[in-house]
Amino acid sequence: MKMTDTFRNIIIVFLTAVFIFGAVTVCAEGADGGTKAESFRTVGNIVAFGRYEQDNDLTNGPEPIEWIVLDVVDGEKTKALLLSKYGLDAKQYNHLYEPITWEECSMRNWLNDEFLKTAFDEKEQSAILMTEVDNSPEQGYIEWADVVSGNNTQDKVFLLSCAEAKQYLGVTAENKDNIKARVAPTAYAIARGAWLHHRFRTEDGELAGRWWLRSPGRYEYRAAHVIANGSLQNSHVSAAADHYGGGVARPAIWLNLDADIF
């Protein structure tokens with residue numbers, strides 16, 4: 001009888017240990033990089049999704065992309081609006097200096113083709129919702145309202161509009177000390193021509209740059225962007241590192257939190 005009790009106790013201890021180890025492993029996977037929908041459901045959270053080169057060290061592979069949760073909408077599908085925390089790449093709004101709208105610009109093509117395929121695997125891409133992107137005049141800056149804003153588009157990846165940047169980050173032309181709207185370009189973006197201000201810094205203390213919005217600027221060959229102090233401005237659509245300062249792409253996506261990946 002004693003041998004039977006001892007054996008039973010050993011089995012109980014063993015099974016308990018297996019259970020605890022399994023639970024710890026599951027928790028660790030969720031914390032270390034497993035995708036957990038709960039963390040995406042709180043506005044203001046910083047979450048990781050996808051990967052892109054950021055430290056400019058190509059030998060160690062791309063780094064996880066950090067996103068700010070700007071909005072969460074419950075409906076037929078629960079979805080979250082994410083904005084990249086950092087300026088991920090130095091890009092022109094359009095590769096030619098010409099009148100252009102978001103619908104036709106090279107930035108949009110790059111975001112929904114090369115960037116999408118580079119930053120996200122197939123399962124991640126399937127969780128990104130195709131979005132009806134509003135390009136109506138109401139999405140732009142009221143003083144530039146007479147500039148052609150173009151048609152609405154269907155995009156998986158896009159840039160914020162003037163109205164969205166104001167709604168979520170308080171971006172206006174008048175607020176010239178908006179630390180919430182400042183962005184730091186990654187080391188990779190800087191190496192590719194992103195401009196940095198020598199004084200203005202982000203909430204994390206990093207030097208800030210300029211990031212593009214999808215809305216038109218004052219004229220048809222200009223586009224809106226947020227400058228280093230966090231206020232609204234506009235620049236030539238083909239602006240690069242040697243031409244009015246190198247702006248960065250700060251992508252936005254709507255993510256389906258009911259997708260299988262979660």
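The lining of the second largest pocket is made up of eleven nonpolar, two polar and seven charged residues, where Asp, Glu, Lys and Arg count as charged, Ala, Val, Leu, Ile, Met, Phe, Trp, Tyr, Cys and Pro as nonpolar, and the others, Gly among them, as polar. The model is a predicted one, in which local features need pLDDT of at least 70 and side-chain atom pairs count only at pLDDT 80 or more, while totals for chains, interfaces and linings use all residues. Residues are numbered from 1 along each chain as its sequence is written, and side-chain values use heavy atoms, with hydrogens and water left out.

The pocket holds about 320 Å³ of space. A pocket here is an open set of points on a 1 Å grid over the protein atoms alone, where a 1.4 Å probe fits, with protein on both sides within 12 Å along at least five of seven lines; lining residues have an atom within 4 Å of a point. Of the 20 lining residues, Ile 46, Ile 68, Lys 180, Glu 203 and Arg 250 are the closest to the centre. Strand β2 gives the largest share, three residues, and α4 supplies at least two.

Turning to α4 itself (residues 162-169), the buried residues are Cys 162, Glu 164, Ala 165, Tyr 168 and Leu 169, with buried meaning under 20% relative accessible area and exposed over 50% (1.4 Å probe, protein chains only). These residues fall within an arc of 165° seen down the axis, so they line one face of α4. Lys 166 and Gln 167, on the other side of α4, are exposed. Just after the helix, Gly 170 adopts a positive phi of about 70°.

Notes. Helices (H or I, at least four residues) and strands (E, at least two) are DSSP runs, numbered from the N terminus. The arc is that of the directions from the helix axis to the C-beta atoms. Grid points are joined across faces, edges and corners, and a volume is the space filled by probe spheres set on the points.
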